[in-house]
Amino acid sequence: MNRTERLEALRAAIARAGVEGFIVPRADEFLGEYVPAGGERLAWLTGFTGSAGLAIVLPERAVVFTDGRYVTQVAQQTDPALWERRHLIDQPPAEWLKEHAAGRRVGYDPWLHPQAMVDRLAASGAVLVPLAENPLDAVWTDRPPPPAAQAEPWPEAFAGRSAAEKRAAIAEELRKDGQAAAVLADAHSVAWLLNMRGGDLDHTPLALGFAILRDDASVQVFMDPAKAGPELRTALGNAVAFEPRSGLTAALGGLAGKRVRVDTEATPAWFGLTLRNAGAEVVAGTDPVRLPRATKTPAERDGARAAHKRDARALARFLAWFAEAAPMGGRTEVSVAERLLGFRREEERFRAESFPAIAGAGEDGAIIHYRATAETDRAVRPNEAFLIDSGGQYLDGTTDVTRTLWTGPGEPPAELRDRYTRVLRGMLALAATRFPEGVAGPHLDAIARRPLWEAGLDYDHGTGHGVGAFLSVHEGPAAFSRAAANIPLREGMILSDEPGFYLPGSYGIRIENLLLVARDEAAPGPKRWLRFETLTLAPFERRLIAVEGLTPAERAQIDDYHARVLAEVAPMLDATTAAWLRAACAPLVA
């Protein structure tokens with residue numbers, strides 16, 4: 001079926017389901033950012049392939065929502081004759097439903113929406129109806145099967161704590177709160193709690209499954225039991241049982257009369273509906289694993305440092321290659337990204353990219369989460385900006401780094417240098433910030449924006465996100481974003497620092513390092529202060545730095561960072577690449 005036929009087939013299925021509309025999120029039942037092929041319902045229906053979005057289909061109109069990262073992409077990938085486009089933040093779905101569907105019965109799949117989202121949408125006045133069968137699945141006749149990769153133990157040497165210790169600590173929290181169990185619907189939480197990783201997704205090492213953690217520290221994991229081999233079962237012991245997904249309803253029914261914690265922001269609404277129908281008391285509360293997972297153990301911090309150092313070697317080799325190859329032409333966005341991946345593959349403990357590389361030349365760099373395909377791949381031309389945002393999944397850590405480069409051989413225009421320098425100044429200002437305990441990411445977001453704001457400029461995305469430990473490259477709950485929850489930053493959290501500037505049709509600029517939240521031992525007084533330790537080690541594009549736009553302190557900060565990069569990375573390189581790095585890291589000249 002073409003896109004028009006798919007939309008009409010869905011409308012017919014919606015009518016058969018006895019509702020007047022249907023909501024299609026960009027999510028599978030695990031509500032994660034990345035989904036297997038069979039979970040790409042939004043892309044199948046609309047053509048939009050971004051990682052954040054939602055569609056609403058009514059008999060007479062249809063709309064697709066996405067955030068500021070994907071405004072350009074959704075316009076390119078969806079048919080305006082079929083789909084209205086709206087901004088997910090500025091024009092929320094609930095407002096659209098209030099205007100177009102108040103009083104109408106609108107269906108949703110309770111496996112694909114958290115209860116909190118259902119409640120927000122229901123506030124529109126639309127009558128939200130949970131459907132036992134997803135009408136889109138009924139018309140997607142060639143939908144790929146679910147993944148079936150093996151689950152594997154993640155070494156305790158990298159985790160820093162045994163699964164038994166983690167289970168005991170979280171169970172103690174449940175007992176203190178008078179809760180008999182907690183539903184863990186986030187596969188990242190299950191992976192962290194059990195020191196378990198897998199291969200069900202291309203870029204995030206998850207074994208997709210649900211879990212119920214009880215107050216006695218026992219756990220039931222619901223996934224295909226064949227995915228859990230003898231090594232994993234031996235590592236976890238008898239307190240952890242693997243059961244098929246079909247056993248979930250009965251397991252939840254066994255909690256009748258008991259208090260069960262459910263994170264209504266991160267758990268499919270199906271769980272709450274099923275628990276209430278069984279007679280359990282649903283207690284709304286945060287996933288008890290989420291904050292401990294984000295607060296890295298000393299072993300996880302050491303692993304992150306080690307992974308970033310190996311990643312730095314791959315980056316240096318790539319950047320040296322690009323500096324020579326780009327001015328000569330003959331490269332494309334895809335071939336450049338593949339070259340970087342090739343360097344990473346040679347590094348010890350490398351497992352996969354942590355997300356599909358964003359390699360945008362010229363105007364493609366202005367598409368914030370652009371992904372080059374065979375259809376869009378274009379040549380990398382001389383004398384243009386090139387944005388490369390990429391990362392690696394290493395067995396001991398997850399990396400994410402962005403550099404905006406100049407292809408040469410000519411000199412970049414003054415405006416581009418000014419914008420780049422403002423983005424760089426903002427990134428450096430955030431990295432240098434010292435702050436007292438209790439400060440949250442949203443409190444710091446504006447620090448990275450100030451140099452752009454001074455010129456009346458801004459960017460339509462958050463400044464940074466959390467990063468997992470050989471888990472998701474995008475990890476909550478902490479983030480540098482005005483829209484993020486006010487979760488105080490803790491020692492051990494890892495976040496990205498990535499301001500940007502985008503001129504549609506011309507170029508995009510983003511510069512990103514990962515930061516580890518650390519104790520500021522030098523802070524005076526009784527109050528505890530925190531600072532950031534920069535994990536990423538890669539030189540900035542000196543041809544784009546307008547040195548005259550830097551303060552002496554900013555110039556010294558860049559020089560100090562480059563000196564550190566040179567000292568830590570050069571000894572790992574061959575002579576030719578080391579020579580290039582010495583030039584790239586030379587002190588700036590005013």
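This is a predicted model: local features need pLDDT of at least 70, side-chain atom pairs count only at pLDDT 80 or more; totals for chains, interfaces and linings use all residues.

Modeller: The structure holds 3 cavities of 30 Å³ or more. A cavity here is a set of points on a 1 Å grid over the protein atoms alone where a 1.4 Å probe fits but cannot get out. Grid points join across faces, edges and corners, and a volume is the space filled by probe spheres set on the points.

Colleague: How much space lies in the largest cavity?

Modeller: About 60 Å³. Its lining, meaning residues with an atom within 4 Å of a point, includes Gln115, Asp263, Pro268, Arg276 and Val282.

Colleague: Which helix gives the largest share of that lining?

Modeller: Helix H12, residues 269–278, with 3 residues. Helices are DSSP runs of H or I of at least four residues, strands are E runs of at least two, and both are numbered from the N terminus.

Colleague: And how do the lining residues divide by class?

Modeller: Into 4 nonpolar, 4 polar and 2 charged. Ala, Val, Leu, Ile, Met, Phe, Trp, Tyr, Cys and Pro count as nonpolar, Asp, Glu, Lys and Arg as charged, and the others, Gly among them, as polar.

Colleague: What lines the second largest cavity?

Modeller: Leu315, Phe318, Leu319, Leu340, Ile388, Ser390, Val401 and Arg403. Two or more residues each come from helix H14 (298–325), strand E19 (385–390) and strand E22 (401–406). H14 has the largest share, 3 residues. The space is about 40 Å³. By class, the lining has 6 nonpolar, 1 polar and 1 charged residues.

Colleague: Back to H12. Which of its residues are buried?

Modeller: Ala269, Trp270, Phe271, Gly272, Thr274 and Leu275. Buried means under 20% relative accessible area, with a 1.4 Å probe and protein chains only. Just after H12, Gly279 takes a positive phi of about 95°.

Colleague: Now the core. How many residues are in the largest one?

Modeller: It has 107 residues, and Leu275 and Leu489 are among those with the most contacts inside it. A nonpolar core is a set of buried Ala, Val, Leu, Ile, Met, Phe, Trp, Tyr and Cys residues joined through side-chain atoms within 4.5 Å. Helix H16, residues 414–431, gives the most, with 8 residues.

Colleague: What does Leu489 touch?

Modeller: Its contacts (heavy atoms within 4.5 Å) include Phe435, Leu444, Phe480, Val517 and Phe532, not counting residues up to four places away in sequence. A second, separate core of 26 residues includes Leu42, Ala55, Trp83 and Val129.

Colleague: On to strands. Which residues of E8 sit on each side?

Modeller: Ala181 and Val183 are on one side, Ala182 and Leu184 on the other, and all are buried. E8 pairs with E10 (residues 210–214) in the antiparallel sense over 4 bridges. Pairing needs at least two DSSP bridges. Leu184 stands opposite Ala211 in E10. With E13, residues 259–262, E8 pairs in the parallel sense over 2 bridges.

Colleague: What is the strand order in the open sheet?

Modeller: E16-E20-E21, with antiparallel pairing. E16 (350–353) and E21 (397–398) stand at the edges, each with a single partner strand, so one side of each has no neighbour in the sheet. In E21, Gly397 is the bridge partner of Tyr394.

Terms used: Residues are numbered from 1 along each chain as its sequence is written. Side-chain values use heavy atoms; hydrogens and water are left out. On a 1 Å grid over the protein atoms alone, a cavity is a set of points where a 1.4 Å probe fits but cannot get out, and a pocket is an open set with protein on both sides within 12 Å along at least five of seven lines; lining residues have an atom within 4 Å of a point. Buried means under 20% relative accessible area, exposed over 50%, partly exposed in between (1.4 Å probe, protein chains only).
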